[in-house]
Structures are given as C-alpha cells and as structure tokens.
Amino acid sequence: MRGEPSCPKCGGRVRAPGLFADTWQCDVHGPVQPLQPILPPSVEGLEVVVRRSQVPVWMPWPLPVGWLFTGVGYAGDDRSGGRATAVACSGPGPLGGLGELILVAEELGVGLGARFAGIEGPDPGPYMNVDKPPHTKVLAAGRPTPLWHVTRTPDDRAVFAGEACGLWLWAIVWPEQSGLLMYDELVLTDLRDAGAEVELVPCGALTPRILS
C-alpha cells in the first residue's frame, strides 16, 4: 500500500488503464478510483493531497488539545485528481488513553470510508437511519453538518457519516468510547481553503490505522 496504488475498497492490487480498459481495475470490484500510497504526516505530504484533490480535505481545526496529524491519503489518478481523501489525527481520548480519528470525504461509490468503517460499501446509506434526528453535528466549512451513527461496524470503533459540500463525510473513531469526541462541537476545515495555515499543522508519527 505504501509503494503502489491499491483498491480503495479492499486494498487489493489494481491494474492501470490500458488497451482494454480506460479506468483502473480491481479484480474484485471492477473499475475503481485507485488509492495512492499513504503519505507519512508532514506539511509537504498534506500539501500534495490538497493540491491534487477535487474533494474536501477535512481536518479538525484547530485540532483538539494534544492532538496531532498522523497521516493522509487520497484515491484518484493524475487525470481525475483526488476523488476521496482520508486524513488521520491522533491524541488523548475523551476518557483517557489514545484516541484516533480518520475523516474521509468522497464521491458516491468510491468506498474508502466504508473500508475504514469496516463495513460492506461502498456508501453509508444502508447503515444510517436518516428518518431519525442526527446523532451529532459538526461545523464543516462553516456549515452545521448533521452526522448519523453508522451501524453494523466492528465493536472497536465508532463511525458517523453524513453529507458535506454535496459529498460523503465519514468520521471513524478508535476506540469506540472515543466517539464522544464527535459530540464536542468539532469544527472541520477544508484544508484546500486554509492557505498558509497548513504549515502550522502539528505532525506526529504515522498511524497504522490509515494503512489498514
């Protein structure tokens, strides 16, 4: 995963466009947006994703006290640009211990968020009951954004999803009890609009969560 593109839905190998197909292909999932190698946390790596992405690059900003940026990736190729982004952050959990958060923005059908959520994808709709009030709200790009709890996920994480800027927004939190973080009026910034503030992002060590 670190060296070559992979399938955003399963992590398997993908074939580049060629004579018989004009899209990237996964043997299991067919045409996909290729997940590019995950970039270790650095301002330079973040700027690469920000520059190439056609979808938001969400990050809590300011980061919660003690939290650090711990990895970034995107799905897409040089022709289409990033069609899904994943930003990882880690820090003190609300109830103690280490908390970890991955925020995913993606177009319909990409499947990257479902992969981190640990569910069959590609989209969260079948796992959310939007007929009921949202479980929480975040402020995304200055707009109140409702998020619903995503069901049937592994017990070790809490998953929320909703729509922001016309695209899926996923928030996957480890461990499950650190999902309390999502009830704390989290403010998300699209780093494509952050300008020079990107250089102020504090970087930690690469989290294995974003490599899974």
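## A guided look at the fold

Guide: Welcome! The protein exposes about 10000 Å², and carbon and sulfur atoms supply 53% of it; accessible areas come from the Shrake-Rupley method with a 1.4 Å probe, and for residues only the protein chains shown count as cover. This is a predicted model: local features need pLDDT of at least 70, side-chain atom pairs count only at pLDDT 80 or more, and totals for chains, interfaces and linings use all residues. Residues are numbered from 1 along each chain as its sequence is written, and side-chain values use heavy atoms, with hydrogens and water left out.

Visitor: What makes S4 and S5 edge strands?

Guide: Two strands pair if DSSP finds at least two bridges between them. Nine strands form an open sheet in the order S4-S12-S8-S9-S10-S11-S7-S6-S5, and strands S4 (58–60) and S5 (68–77) each pair on one side only.

Visitor: How do you know that S7 and S11 pair?

Guide: They share seven bridges in the antiparallel sense, and the definition asks for at least two, so they count as paired.

Visitor: What makes a residue of H1 buried, and which ones are?

Guide: Buried means under 20% relative accessible area (exposed is over 50%, partly exposed in between; 1.4 Å probe, protein chains only). In H1 that covers Val43, Gly45, Leu46, Val48, Val49 and Val50.

Technical notes
Helix = DSSP H or I, 4+ residues; strand = E, 2+ residues; numbered from the N terminus.
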